[in-house]
Amino acid sequence: MLLDVTGLTAAYGLVPALHRVDFHVQPGEVVGILGHNGMGKTTLMRSIMGFVKVTGGDIRFEGQSILGMSVNARARIGIGLVPQGRQIFPNLSVEENLKVGIPGNAKVMAETSEEMLELFPRLKRLLDRRGGALSGGEQQLLALARCLCRRPKLMLLDEPTEGIQPSIIDEIAETLNALTRTRDITIVLVEQNLDFIASLSQRVYAISNGVLDRQIPREQLTDSRAVSEFMGFVA
């Protein structure tokens with residue numbers, strides 16, 4: 001098992017955010033987590049990455065508890081987060097943003113940058129453009145490429161389709177599907193876009209009020225009535 005989350009509890013001060021969350025992810029899987037805004041999706045991703053203090057339970061990666069590890073240590077062992085809102089460096093060029101994500105010498109940087117541009121060809125013509133001048137969809141492609149520069153074993157994707165035009169959503173879905181077929185990479189995806197999460201995920205959980213207690217059959221994700229029975233989600 002690559003990721004095993006058991007009894008995970010987290011809070012912001014005195015405000016509880018996650019309540020005894022249990023789920024696991026096998027190597028090579030794409031696992032989706034579906035829920036409204038404010039239901040705990042982002043807190044779960046940030047807890048796994050180490051940005052949110054966990055108050056109970058455990059997170060194990062490749063059999064090892066990572067609760068005592070810093071964010072940087074978790075990145076070094078193979079966990080990468082593409083956060084909600086992308087959080088690229090707006091005053092750096094696309095090329096500079098990519099290089100920030102690449103550990104190693106100049107040769108490694110050049111080879112990795114070229115590899116990322118093959119995966120995300122739309123970025124090739126934007127290399128000299130500042131990150132802040134990109135569209136939302138272009139920023140999301142850059143954020144995905146920057147995360148992949150570190151060659152993570154596990155990618156945590158937080159609302160990757162939020163505020164993005166449909167053509168780039170399709171491009172992201174195609175790229176991620178290709179990555180899971182051709183590379184040893186595992187993805188946990190939190191989303192509200194039913195079509196997107198259904199196109200990528202082998203298993204999908206519903207989260208509501210910090211509780212992850214129901215698994216939605218993948219074939220029912222295109223049926224808004226069926227989804228609403230699980231979590232009151234309106235497509």
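Strands β3 (residues 30-34) and β8 (residues 186-191) run parallel in this predicted model, joined by five bridges.

Now widen the view to the whole sheet. It is open and has six strands, in the order β6-β7-β8-β3-β9-β10. The pairing is mixed. From one strand to the next, the twist averages 20 degrees.

Helix α1 (residues 41-49) touches β3, β6, β7 (154-158), β8 and β9 (203-208). The direction of α1 makes about 150 degrees with that of β7. Helix α5 (residues 136-148) lies across β6 and β7. Relative to β6, α5 runs at about 170 degrees.

Stay with α5. Its 13 residues reach 19 Å from the first C-alpha to the last, close to the 18 Å expected at 1.5 Å a residue. How many of its 13 residues are buried? Twelve are, so the helix is mostly covered. The buried set includes Gly137, Glu138, Arg146 and Leu148. The cover comes from several elements, including the strands β6 and β7. The helices α3 (94-100), α4 (106-119) and α6 (166-182) are also among them.

Helix α4 can be read in a similar way. Its 14 residues should span 20 Å at 1.5 Å a residue, and its end C-alpha atoms are 20 Å apart, which agrees. Which residues of α4 are buried? They are Thr112, Ser113, Met116 and Leu117. These cover an arc of only 140 degrees around the axis, so they lie on the same side of α4. What covers the buried residues of α4 includes α3 and α5.

Finally, turn to a single residue. Aspartate 58 belongs to strand β4 (residues 54-61). Is aspartate 58 buried or exposed? Its relative accessible area is 16%, and the cut-off for buried is under 20%, so aspartate 58 counts as buried. Its side chain makes a polar contact of 2.7 Å with the side chain of serine 65. Beyond its neighbours within four places in sequence, aspartate 58 is in contact with Asp4, Val5, Thr6, Ser65 and Leu67.

Technical notes
Residues are numbered from 1 along each chain as its sequence is written. This is a predicted model: local features need pLDDT of at least 70, side-chain atom pairs count only at pLDDT 80 or more; totals for chains, interfaces and linings use all residues. Side-chain values use heavy atoms; hydrogens and water are left out. Two strands pair if DSSP finds at least two bridges between them. Helices (H or I, at least four residues) and strands (E, at least two) are DSSP runs, numbered from the N terminus. Axes are lines fitted to C-alpha atoms, for helices over the stretch in contact, and angles run from 0 to 180 degrees between N-to-C directions. Contact means heavy atoms within 4.5 Å. Buried means under 20% relative accessible area, exposed over 50%, partly exposed in between (1.4 Å probe, protein chains only). A polar contact is a pair of N or O atoms within 3.5 Å; within protein, one must be able to donate a hydrogen and the other to accept it, and residues adjacent in sequence count only if both atoms are side-chain atoms. The expected span of a helix is 1.5 Å times one less than its number of residues. The arc is that of the directions from the helix axis to the C-beta atoms.
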